[in-house]
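Student: I keep meeting labels in structure descriptions. Could we go through some and check each one against its rule?

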Amino acid sequence: MGQLQLKEVNKSFDGYEVLKSISLGVDEGEFIVFVGPSGCGKSTLLRMIAGLDSTSSGDIVIDDIRVNDKPPVDRGIAMVFQSYALYPHMTVFENIAFPLRVERLPEEKIREKVEGVAKILQLDKRLQQKPGMLSGGQRQRVAIGRAIVREPKIFLFDEPLSNLDAALRAEMRLELSKLHAQLKATMIYVTHDQIEAMTMADRIVVLNAGDIAQVGAPLELYHKPRNLFVAGFIGNPKMNFLPVVCTGTSDEGVTVEFAGQSMLVPVAPRQYLVGKAMTLGIRPEHLQLGGGNINVSVIPAVIEHLGINTIAYANLPTGEPFCALLPGSAPVQAGNELKVGIKAEDCHLFDADGWALDRRVNLAELGMPTLNPEA
Ligand SMILES: Nc1ncnc2c1ncn2[C@@H]1O[C@H](COP(=O)(O)OP(=O)(O)O)[C@@H](O)[C@H]1O
Ligand SMILES: [Mg+2]
């Protein structure tokens with residue numbers, strides 16, 4: 001139990017279309033992350049699944065039953081928000097027990113369930129404390145406990161870690177992944193943070209201005225972004241985009257020219273591209289200190305030394321930002337010329353409309369999990 005189908009779901013506020021015909025199937029037990037910039041419609045979509053917002057059109061189906069007209073309590077879902085929404089005057093025990101009291105479960109049953117959940121979330125020593133005595137991470141665990149205790153078919157999370165500091169967020173990501181493995185429940189998690197999406201999701205749904213930009217496993221999105229939006233959104237530091245011109249196509253791929261240098265990029269060719277402007281994408285971590293099929297010379301304005309890596313930030317002569325993620329020992333200095341190489345096989349290529357040409361990368365051959373082999 002815990003299958004979800006969204007069928008051409010649409011939402012408008014006062015005639016303004018916030019979500020445009022969203023169709024998506026979520027399997028039982030999947031950890032799905034909706035990711036996208038602020039305002040793209042993530043919370044609205046989640047609230048529609050929960051039944052807190054109505055749909056303008058389309059169907060929401062949970063376990064083969066259309067739930068559009070069902071109130072939230074009858075949908076078998078539980079939602080956790082960014083603000084923990086705990087009752088400050090109640091103990092941790094009573095906060096977690098709250099939904100069970102509403103259901104009028106017998107006292108003994110409530111105790112058994114709350115103690116079970118508290119153990120999973122390592123709150124068993126905190127049950128008699130009030131939320132005010134807990135850290136942010138512990139409070140969010142109480143809110144999660146209150147969701148778990150209801151044994152929902154589907155968990156919905158709306159940016160639950162945004163109020164926590166960076167170290168705690170990293171810790172909670174791990175805990176949520178473990179919790180998912182333990183409960184084997186369907187989880188739908190909303191975030192604007194691509195790192196949360198990459199680290200926790202079975203499949204990521206990238207949303208852009210109310211549309212699904214791409215759905216796929218984290219490494220599918222990393223290696224085969226369908227368009228410029230996903231290419232720029234997934235990965236940190238961001239993919240570099242270089243303006244290039246297509247000078248030829250063949251069975252082997254597409255030849256492009258950048259700053260007087262030519263390179264054959266192994267992507268599925270399209271005839272009509274010759275002579276057209278294109279965008280070449282190269283991730284900062286794929287730039288080479290020596291070698292490569294073409295070179296880029298820049299003067300970095302800022303260098304960040306992270307120990308394990310050194311990051312150089314510069315601009316291309318044409319103005320576009322350019323970033324290189326280099327080994328920690330790389331001898332680079334702000335203000336001094338940096339020359340890096342680009343290997344054709346690492347490149348992504350996008351047409352003038354921002355659509356990616358299919359890369360000749362076989363994810364299965366690279367030993368990467370593909371949940372969606374046709375993608
Ligand atoms: N109740 C509402 N009335 C009018 N507009 C809304 C309402 N809720 C959300 N919106 C608009 O819908 C868009 C998507 O919002 P939201 O789903 O909250 O985005 P996200 O969670 O991705 O940041 C935004 O432009 C927002 O202003
Ligand atoms: Mg939101």
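**Labels and their cut-offs**

Tutor: Phe350 has a relative accessibility of 0%, and that makes it buried. The rule is: buried means under 20% relative accessible area, exposed over 50%, and partly exposed in between, using a 1.4 Å probe and protein chains only. A word on the source: this is a predicted model, where local features need pLDDT of at least 70, side-chain atom pairs count only at pLDDT 80 or more, and totals for chains, interfaces and linings use all residues. Residues are numbered from 1 along each chain as its sequence is written, chains are lettered from A and ligands numbered from 1 in the order in which they are written, and side-chain values use heavy atoms, without hydrogens and water.

Student: What makes Phe241 and Phe350 an edge-to-face pair?

Tutor: Take the ring rule: rings of Phe, Tyr and Trp (its six-membered ring) pair if their centres lie within 6.5 Å; planes under 30 degrees apart are stacked, over 60 edge-to-face, and the rest tilted. Now the values for Phe241 and Phe350: 6.0 Å between centres and 85 degrees between planes, so the label is edge-to-face. This pair links distant parts of the chain, with Phe241 in strand E11 (residues 240-250) and Phe350 in strand E20, 109 residues apart. Helices (H or I, at least four residues) and strands (E, at least two) are DSSP runs, numbered from the N terminus.

Student: Is Phe241 buried, partly exposed or exposed?

Tutor: Its relative accessible area is 25%, so Phe241 is partly exposed.

Student: How many aromatic pairs are there in the whole structure?

Tutor: The search finds six. One of them joins Phe157 and Tyr189, with centres 5.8 Å apart and planes at 40 degrees. Phe157 is in strand E7 and Tyr189 in strand E8 (residues 186-191), so parts 32 residues apart in sequence are tied together. Both residues are buried. Ring pairs also join Phe31, Phe155, Phe157 and Tyr189 into a cluster.

Student: Now charges. Why is the contact of Glu94 with Arg101 called a salt bridge?

Tutor: A salt bridge needs a side-chain nitrogen of Lys or Arg within 4 Å of a carboxyl oxygen of Asp or Glu. For Glu94 and Arg101 the closest N and O atoms are 2.8 Å apart, so the pair qualifies. Glu94 is partly exposed at 26%, and Arg101 is partly exposed at 30%. By this rule the count comes to 13 salt bridges.

Student: Which parts of the chain does the bridge of Lys113 and Glu151 link?

Tutor: Its closest N and O atoms are 3.2 Å apart. Lys113 sits in helix H3 (residues 107-120), and Glu151 in the loop between helix H4 (136-148) and strand E7 (154-158), 38 residues apart. Lys113 has 22% relative accessibility, so it is partly exposed. Glu151 has 58%, so it is exposed.

Student: How do you know whether Asp351 is buried or exposed?

Tutor: Its relative accessibility is 8%, so Asp351 is buried. Its side chain meets that of Arg270 in a salt bridge, at 3.0 Å from N to O. Asp351 lies in the segment after strand E20 (348-350) and Arg270 in the loop between strand E13 (261-265) and strand E14 (277-282), so the pair ties parts 81 residues apart in sequence. Arg270 is partly exposed at 25%. Elsewhere, salt bridges link Asp59, Arg66 and Asp69 into a network.

Student: What makes the contact of Thr44 with ligand 1 a polar one?

Tutor: A polar contact is a pair of N or O atoms within 3.5 Å; within protein, one must be able to donate a hydrogen and the other to accept it, and residues adjacent in sequence count only if both atoms are side-chain atoms. A polar side-chain atom of Thr44 is 2.5 Å from an oxygen atom of ligand 1, so it qualifies. A polar backbone atom of Gly39 is 2.7 Å from a ligand 1 oxygen. For a backbone N or O atom of Cys40, the distance is 3.2 Å.
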